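Look over the sequence and the model first.

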Amino acid sequence: MIMINRKWLSLVLCAGLAASMAGCGSSGNTNKEGAAGGTAEQTAGAQKEGGSKPELKTLNIWSKDDYNTYTLAKVVEEQTGYKVKYEMLPADKAMDKLNLLISSAEPYDVITITGEKAAYTDYAKMGALVDLTPLIDKYGENIKASISPESFEAMKVDGKIYAIPNRTSEFVGSSLMIRTDWLDKLGLKMPATLEELTAVLKAFKEKDPGGNGDKGAPLSIDGALATMVNVTGAFGIATGWSEVDGKLVAAPLQPGFKEYLSYAADLYKQGLLDKEFAVNKDATLKEKFTSGRVGVIPLPWYDIPGIADALTKNFPDAKYAYVPALKGKDGQAGLGMSGGFDRLTFIPKSSKHPEDAIKWINAKLDKDTFKLIAIGEEGKHFTYKDGVYSPILPLFTDERGLASNYLTGIDEKLYPVYWQARVQKDPRLFAGFTFLNSEVPAEYRISDPLALAPSLPEYSKNNASLNQMINDFAVKVIVGEESTDAVAAFIEKYNAAGGEASSKEVNEWYASVKK
Amino acid sequence: MTKRTKGDLLLDIGVYAFLIALGLIMLLPLASVFSKAVSEEWAITSGKVGILPVGFQLDTLMQVISSSVFIRAFCISVGVTAVGTLISILMTALTAYPLSKRNLPGISFCMVLFIFTMLFSGGLIPNYLLMRQLHLVDNLWVLILPGMISVFNMLVIKSYYESLPEALEESARIDGAKTYTILFRIILPLSMPVIATIALFYAVGYWNDYFGPMIYINDTALKTLQLYLQDVVMDANNANLTNKSIDDLMNMSPEGIRAATVVASTVPILLVYPFMQKYFIKGVLIGSVKG
């Protein structure tokens, strides 16, 4: 039943959304709840109430704790003077539910979603959102001071701003993690180039420092991420797109793609790459690493504490560290960075108090208030020394752990500094984070050129399926089902499946910002 | 009875062995979730937990059970299930009764009306808008009222009523009983097997209902247990990870918590089965031999 219902859900939602779009335009005036009714009416309403602040109704992404009862709800209310009723989307199929709520014009005043520019742009284009440009001009003093013009530029749809973004700080998220006690046991040093990595893997296989016999493998990766972090950097394709002669080129179109595949296929042939990698999931990978069957895996730093616990429990002497950015044959190296936006906040047309919503958002971006929401009070939630904010545990986690869910727009200069207090919750996490983001030389940290791009329809339409295509092809080549000569044919297919259209669109945008 | 030959015995052993093996296979995933719920996190991460728990502990389970969001969702689900089952079973039994009287005028037309609703529905968005007009969105009654009577269950009860000897009712009438007395004092007590079975269907249905709450309940304070469960479990779904921010990833519940949530949400309804078992066997005989 549920399965059938789910399929129905998406089908019906699409149809419903289309229908309601058509309906929106005409019914706007007749609708008593005054969706499009106009700001004039609302201003009048606000004045009539004699400046008393209305209760705001917000919709947010899923959170472990109830927004209404988490400590921060009270803090926000005290600081801004607005009573707020928080609701949240489900963790699964959030966008389907959001479509339903938007198309039935539920009167939310503020809606915050993850950084999905595509969905946001759709809503803006169909006229479901309030144009924030005049509102920010009038009431958004702190908003203007906190958010860079660059970020606002990325939010523009047809020249108007419809959302307030939370920009993510740019950092390296993941790299190869290696068992250093295995290295020590064999008297090897940390690999710095691709050749050294191969040599280390060979030694791991032949001398078997983990004592697995034939069961283990030196290196394993996730079957859904067949493009290995760090290793791809050595072939110049650390990010999905990179600049070549002033133009953005997708990874498969670069010579490094083929070279990478032949390197990885070679590892596989020599038995240095886990034979079962294609069916590995994130959990299997961690299982293999922590049970000592595998010596090297790609691992994001936020997963370190869990891994470290399990590893020390199983092998009290186990040590681990990140492999530094590996150098390829021309000295090329790189770790891809994430970037962009992790939350977008907008005001739907169905809002009853758009002006108060902006005032509320603005009030939260007041310098002191923002700091209080983001990391709490000095001496209670954090300590400050030499420009570094450190959390006081466990209060910090208990009362500010979910703070990012309450931020609607961030102070783009200060937040990255505050934010590191979160990483310091666990020293092992912090060690991994700082290694990747301060000890790896800056020139090897490659930022994503598309991080601040506005919503590009062709690109967002095809991106997921193209990435899937690339991954499937990579897996096939690595396991030897296809030879590397198939790359040319693959590129043709890739272009036909939307790669070319995406490339054209991406470069049109890139040319416009480079000017 | 007839004498059993060696071949019969062999077949019996084979059948039992097969069924026991099949049953065990079905129990395995359940056992694995249970042991994850009571194992230590490091053991889960390193894949050591199979059928038996490793590093037995009850902290995770306690943490889940004592979470205020869980308790609230649990109470709501229990309430909706209890109230919903009561109302549903009462209304279904009441509806089935007149429909089982073939000599009432217009009964076949009424049946067509009922059957029609089994086959056709208005669709999701119209339904949502309708519920909103009725002020049922964000109202727990929305989980009970629209699906109060399941036509299928009603037909099952109806055919059970029809299987009761007509003479029974006639003699009651001669003794001076009126319709409601007949229904509540004679028919319903005799129908306990089917009523209990259908009640169990309804109870499980209400308990497991996920779709309704997901669509009609926006208010966090009114979320049911299944919604909560789905959120906790799906939060770590691979497909969801790609558009999560680092902060969300850092806040993700560990596997043990997810397993414990599943256990805490499933066990209560599992416990209902053994008590219903004896009715259940009688009740599902509907449609087979009468007499």
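This is a predicted model: local features need pLDDT of at least 70, side-chain atom pairs count only at pLDDT 80 or more; totals for chains, interfaces and linings use all residues.

Is A:Asp274 buried or exposed? A:Asp274 is buried, at a relative accessible area of 6%.

**Salt bridges within chain A**

A:Asp274 has a charged partner. A:Lys288 forms a salt bridge with A:Asp274, and their closest N and O atoms are 2.7 Å apart. The pair links distant parts of the chain, 14 residues apart. A:Lys288 sits in helix 13 (residues 282-290) of chain A, while A:Asp274 belongs to the loop between helix 12 and helix 13 of chain A. A:Lys288 also counts as buried, with 5% relative accessibility.

A second pair is A:Glu259 and A:Lys329, which form a salt bridge with the closest N and O atoms 3.3 Å apart. A:Glu259 is in helix 12 (residues 255-269) of chain A, and A:Lys329 is in the loop between strand 13 (320-322) and strand 14 (335-338) of chain A, so the pair ties together parts that are 70 residues apart in sequence. A:Glu259 is partly exposed, with a relative accessible area of 31%. A:Lys329 is exposed, at 65%.

The third pair is local. A:Lys461 and A:Glu458 both belong to helix 20 (residues 457-478) of chain A. They are three residues apart, about one turn of the helix. Their salt bridge has its closest N and O atoms 3.6 Å apart. A:Lys461 is exposed, with a relative accessible area of 58%. A:Glu458 is partly exposed, with 28%.

Here are these pairs again, together with one that joins the two chains.

| Salt bridge | Closest N and O atoms |
|---|---|
| A:Lys288 and A:Asp274 | 2.7 Å |
| A:Lys85 and B:Asp219 | 3.0 Å |
| A:Glu259 and A:Lys329 | 3.3 Å |
| A:Lys461 and A:Glu458 | 3.6 Å |

Over all chains, the structure holds 28 salt bridges.

**The interface of chain B and chain A**

How many residues of chain B are in contact with chain A? The count is 43 residues of chain B, against 58 residues of chain A. The two chains bury about 4100 Å² between them. Carbon and sulfur atoms carry 58% of that area.

Four salt bridges are counted between chain B and chain A. A:Lys85 takes part in a salt bridge with B:Asp219. A:Lys57, A:Glu106 and B:Arg132 are linked in a network of salt bridges.

Several elements of chain B give two or more residues to the side that touches chain A, among them helix 4 (68-99), helix 6 (124-133) and helix 12 (225-234). That side of chain B divides into 19 nonpolar, 13 polar and eleven charged residues.

**B:Ser265**

Where does B:Ser265 lie? B:Ser265 is in helix 15 (residues 255-283) of chain B. B:Ser265 counts as buried, with 1% relative accessibility. A polar atom of the B:Ser265 side chain lies 2.5 Å from the backbone oxygen of B:Thr261. Leaving aside neighbours within four places in sequence, B:Ser265 is in contact with B:Phe70, B:Trp207, B:Leu225 and B:Leu229.

Key:
Residues are numbered from 1 along each chain as its sequence is written. Chains are lettered from A and ligands numbered from 1 in the order in which they are written. Side-chain values use heavy atoms; hydrogens and water are left out. Contact means heavy atoms within 4.5 Å. Buried area is the accessible area (1.4 Å probe) that two parts lose on being put together, summed over both. A salt bridge is a side-chain nitrogen of Lys or Arg within 4 Å of a carboxyl oxygen of Asp or Glu. Helices (H or I, at least four residues) and strands (E, at least two) are DSSP runs, numbered from the N terminus. Ala, Val, Leu, Ile, Met, Phe, Trp, Tyr, Cys and Pro count as nonpolar, Asp, Glu, Lys and Arg as charged, and the others, Gly among them, as polar. Buried means under 20% relative accessible area, exposed over 50%, partly exposed in between (1.4 Å probe, protein chains only). A polar contact is a pair of N or O atoms within 3.5 Å; within protein, one must be able to donate a hydrogen and the other to accept it, and residues adjacent in sequence count only if both atoms are side-chain atoms.
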